[in-house]
Amino acid sequence: MQTFVQGVHHITLCPGGAQEDLDFFTQVLGQRLVKQTVLMDGTIPIYHLYYGNGDADVGSIATTFPYARKPGRAGSGQLSCTSYTVPLGATTFWKSHCEAHGAEHSGIQERFGTKYLRVRHPAGLLFEMIEDASDQRNPWTTKQVSRDVATRGFFGAVLSVRDVRDQESFFVDALGFRKVGVDGPYHRFEVPGTGAGRFVDLHHEPDRAPGSWGFGAGTAHHIAFNVETDEALVKQKAIYEELGFTDASEVKDRFYFHSMYVRSPGGILVECTANVPGGFYQDEAPEELGTMLHLPPWFEEQRAAIVSQLEPITVPEANRPKSGGTSKTAAPQPAAAAEKKSGAEPAIPVSRTKAAFEMPKQGS
């Protein structure tokens with residue numbers, strides 16, 4: 001079949017506290033804070049934080065909804081591990097680095113003939129560094145994580161399923177992946193092409209209880225695949241419906257990209273995503289990414305109500321503007337004015353949630 005999918009676009013997770021999450025991603029995983037914005041669904045202000053490699057490439061972006069309001073339930077039918085690439089031999093560094101930060105890890109293991117190390121987020125989320133000599137993307141470096149060991153971006157992800165068959169059919173028939181191997185309980189699939197971030201491993205766990213589907217701390221929310229254009233989103237939605245996946249969502253405007261979601265047969269929420277012109281640089285210059293809170297223009301009038309209910313966070317030193325200082329949910333500078341639109345109007349209909357955020361009552 002013709003496939004529109006070109007690899008992973010981003011992966012979205014639900015940790016607990018925002019500062020705890022930011023510290024883990026930037027200090028333990030050595031990621032760049034790329035964007036501070038908010039969840040664009042619902043009426044509860046929740047951060048949407050983006051982390052990525054040195055160039056904020058598609059296929060390197062982990063995004064998080066720090067959802068301390070309630071716990072989730074990790075289980076089957078969820079993305080269970082986010083997989084990054086690192087250079088050959090780098091897992092030795094990551095073992096020592098995790099130990100220095102007191103982060104729980106698996107030790108160096110091997111899957112499909114490749115070494116990897118798995119580390120646990122304070123909220124329980126799992127990440128792994130997989131050795132891959134072919135990934136030449138530009139890493140983000142820190143005082144502790146140098147270029148020769150840093151993550152390049154996503155290798156892919158591990159997805160937990162109780163039954164492989166229907167989920168396999170979905171990836172092959174609906175998304176255009178091909179099966180490339182089995183290693184014990186792991187079934188590997190690859191999307192055609194030569195770029196990075198093209199793999200998913202289905203982890204067959206027939207006795208694992210299903211995980212929760214909604215927002216909740218300690219769980220993965222969805223995996224998103226890159227389809228490049230709005231027209232490809234429409235065609236992908238038609239493929240879903242032709243195959244009987246009739247619960248695919250409308251196309252949603254996420255300001256930096258457009259998104260369409262479907263619940264896959266194994267329970268995993270799958271998004272297809274097309275970037276809009278300008279992407280992450282619509283409201284920040286490349287050197288300023290992640291340094292301040294940005295809202296979509298349709299939320300901007302409610303900034304005070306939104307900010308009043310967000311946990312204050314401190315931007316890491318490496319992500320601060322060269323002039324120094326700390327951003328605690330600061331308003332954008334005039335050059336990134338709230339009225340700025342996302343370029344030309346989209347060629348297809350897109351939906352936006354226009355929620356009403358209320359100021360908290362005195363004493364609450």
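Student: What should I keep in mind about the numbering and the model before I start?
Tutor: Residues are numbered from 1 along each chain as its sequence is written, and side-chain values use heavy atoms, with hydrogens and water left out. This is a predicted model, in which local features need pLDDT of at least 70 and side-chain atom pairs count only at pLDDT 80 or more, while totals for chains, interfaces and linings use all residues.

Student: How many residues does the largest nonpolar core have, and which have the most contacts inside it?
Tutor: In soluble globular proteins, nonpolar side chains tend to be buried together. A nonpolar core is a set of buried Ala, Val, Leu, Ile, Met, Phe, Trp, Tyr and Cys residues joined through side-chain atoms within 4.5 Å, where buried means under 20% relative accessible area, exposed over 50%, and partly exposed in between (1.4 Å probe, protein chains only). Here the largest such core has 85 residues, and those with the most contacts inside it are Leu175, Ile223, Phe225 and Tyr240. Helix α1 (residues 18-28) gives the most to this core, namely five residues; helices (H or I, at least four residues) and strands (E, at least two) are DSSP runs, numbered from the N terminus. A second, separate core of five residues includes Cys14, Leu39, Ile46 and Tyr67.

Student: In what order do the strands of the open sheet lie?
Tutor: Two strands pair if DSSP finds at least two bridges between them. The open sheet has eight strands with mixed pairing, in the order β2-β3-β4-β1-β13-β16-β15-β14. β2 (32-38) and β14 (252-253) stand at the edges with a single partner strand each, so one side of each is left without a neighbour in the sheet. Strand β1 (residues 8-14) pairs with strand β13 (residues 219-226) in the antiparallel sense over six bridges, and valine 8 stands opposite phenylalanine 225 in β13.

Student: Which strands does α1 lie across, and which does α4 lie across?
Tutor: Axes are lines fitted to C-alpha atoms, for helices over the stretch in contact (heavy atoms within 4.5 Å), and angles run from 0 to 180 degrees between N-to-C directions. α1 lies across β1, β2, β3 (47-52) and β4 (61-64), running at about 5° to β3, whereas helix α4 (residues 230-242) lies across β15 (257-263) and β16 (269-275), running at about 10° to β15.

Student: Where do the buried residues of α2 sit around the axis?
Tutor: The buried residues of helix α2 (residues 91-100) are Thr91, Trp94, His97 and Cys98. They cover an arc of only 115°, taken from the directions from the helix axis to the C-beta atoms, which puts them on the same side of α2. These buried residues pack against α1, β5 (78-86), β6 (105-111), β7 (114-120) and β8 (126-131).

Student: Is aspartate 201 buried or exposed?
Tutor: Aspartate 201, in strand β12 (residues 199-204), is buried, with a relative accessible area of 1%. A polar contact is a pair of N or O atoms within 3.5 Å; within protein, one must be able to donate a hydrogen and the other to accept it, and residues adjacent in sequence count only if both atoms are side-chain atoms. The side chain of aspartate 201 makes such contacts with the side chains of arginine 111 (3.0 Å) and arginine 188 (2.7 Å).
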